[in-house]
Amino acid sequence: PLAVLKGCNSISPPIRYSENHRYLTTMAVYHQRIVDAFSAVVTLLAVVRPTHRFQRDSPNFARAKTIMQDAHVLLPDALVVLAIVIASRLGDFCSEATNRRLTYLVALLSSIAACVGFAIQSFDSNQYYFFSRMIVVDPFASVMKAAVSLGFAVALVYSRRYLEDRDMFRDHVFLLGMFSLQGQLIMISGNHFLMLYLGLELMSLSLYAMVALRRDVAQSSEAA
């Protein structure tokens, strides 16, 4: 059969797929991903629901309930992650010029909102632990996160003219900046060397990519 297929391919001319066929193929891939994600969520609910129903008096359930009650302190961090997801998908729904402006606004507004959330949390004197005590949220961490988020917002405002003059006002710059910000937030809340390592790598790799964005400049490529 392989020989027959090779013979057919050598005789028949190459097939040129139309734009409509490519669009249908892309939509089929997206549809399959959505179905797989929905199946994974249904499976997870089917696994978690019996434990939630029959083991309410177990220590694990009490600990999980406590974690869910304290999860509100992670909302500013979740806001930054949500902003990254939204900014990464804006290019599918708008033009390139509009995508640049919207990504800039998403990065700026999310960092300001996260700064306000962290500043409010700094008045809470309690300590919160998550993920087997690998993440800690306390007043010191909240103050440092607020300072980092504010610094990122100020850097976005002051660097806009610089980026526009050098044709670097692109969505990739702001996405990488938000990834770097998320890495710094993880480092600040890290209570374990593994979390410190993950935050450091997320921050540093994003900065390396930002340095190499100007591929037509020798200094940028050499620095990266």
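Guide: Let us begin with a rule for angles: those over 145 degrees count as roughly antiparallel, while those under 35 degrees count as roughly parallel. Please keep in mind throughout that this is a predicted model.

Visitor: What makes H4 and H5 roughly antiparallel to each other?

Guide: The axes of helix H4, residues 75-89, and helix H5, residues 96-121, cross at roughly 175 degrees and come within 9 Å. The cut-off is 145 degrees and the angle is over it, and therefore H4 and H5 are called roughly antiparallel.

Visitor: Which residues make the contact between H4 and H5?

Guide: From H4 the contact draws on Pro76, Asp77, Leu79, Val80, Ala83 and Ala87, and from H5 on Asn99, Thr103, Val106, Ser110, Ala113, Ala114, Gly117, Phe118 and Gln121. Sorted by class, the residues of this contact comprise 9 nonpolar, 5 polar and 1 charged.

Visitor: Why is His72 called partly exposed?

Guide: His72 lies in the loop between helix H3, residues 59-69, and H4. Its relative accessible area is 43%, and since buried means under 20% and exposed means over 50%, His72 falls in between and is therefore partly exposed. The C-alpha atom of His72 is separated by 9.9 Å from that of Gln121, although the two residues are 49 apart along the chain.

Visitor: Why does Tyr129 count as partly exposed?

Guide: Tyr129 has a relative accessibility of 28%, which lies between the limits of 20% and 50%, so the label is partly exposed. Tyr129 has its place in strand E1, residues 128-130, and, leaving aside neighbours within four places in sequence, is in contact with Ile135, Val136 and Asn191. Its C-alpha atom is separated by 9.5 Å from that of Ser189, which is 60 residues away along the chain.

Visitor: How do you know whether Ser132 is buried or exposed?

Guide: The relative accessible area of Ser132 is 72%, and because the limit for exposed is over 50%, Ser132 is exposed. Ser132 lies in the loop between E1 and strand E2, residues 135-137.

Visitor: What is the phi of Ser132, and what is that of Arg133?

Guide: Most residues other than glycine have a negative phi. Phi of Ser132, however, is near 60 degrees, a positive value in a residue other than glycine. For Arg133, which is also found in the loop between E1 and E2, phi is near 65 degrees, again positive in a residue other than glycine.

Visitor: What makes up the lining of the largest pocket?

Guide: The largest pocket, with a volume of about 260 Å³, is lined by 16 residues, of which Phe152, Ala155, Leu156, Gly177 and Met210 lie nearest its centre. Helix H6 (139-158), helix H8 (171-189) and helix H9 (193-211) each supply at least two residues of the lining, and the largest share, 6 residues, comes from H8. By class, the lining has 12 nonpolar and 4 polar residues, with no charged ones.

Visitor: How many helices and strands are there in the protein as a whole?

Guide: The protein has 10 helices and 2 strands, which follow the pattern α-α-α-α-α-β-β-α-α-α-α-α when read along the sequence. Of its 224 residues, 27% are buried, and among contacts with a separation of 6 or more, 66% are between residues 24 or more positions apart.

Conventions:
Residues numbered from 1 in each chain as written. Predicted model: local features only at pLDDT ≥ 70, side-chain atom pairs only at ≥ 80, totals over all residues. Heavy atoms only, no water. Axes fitted to C-alpha atoms, helices over the stretch in contact; angles between N-to-C directions. Helix = DSSP H or I, 4+ residues; strand = E, 2+ residues; numbered from the N terminus. Parallel < 35°, antiparallel > 145°, perpendicular 65-115°, else oblique. Contact = heavy atoms within 4.5 Å. Nonpolar A, V, L, I, M, F, W, Y, C, P; charged D, E, K, R; others polar. 1 Å grid on protein atoms, 1.4 Å probe; cavity = no way out; pocket = protein on both sides within 12 Å on 5 of 7 lines; lining within 4 Å. Points joined across faces, edges and corners; volume = space filled by probe spheres on them. Buried < 20%, exposed > 50% of the residue type's maximum accessible area, 1.4 Å probe, protein only.
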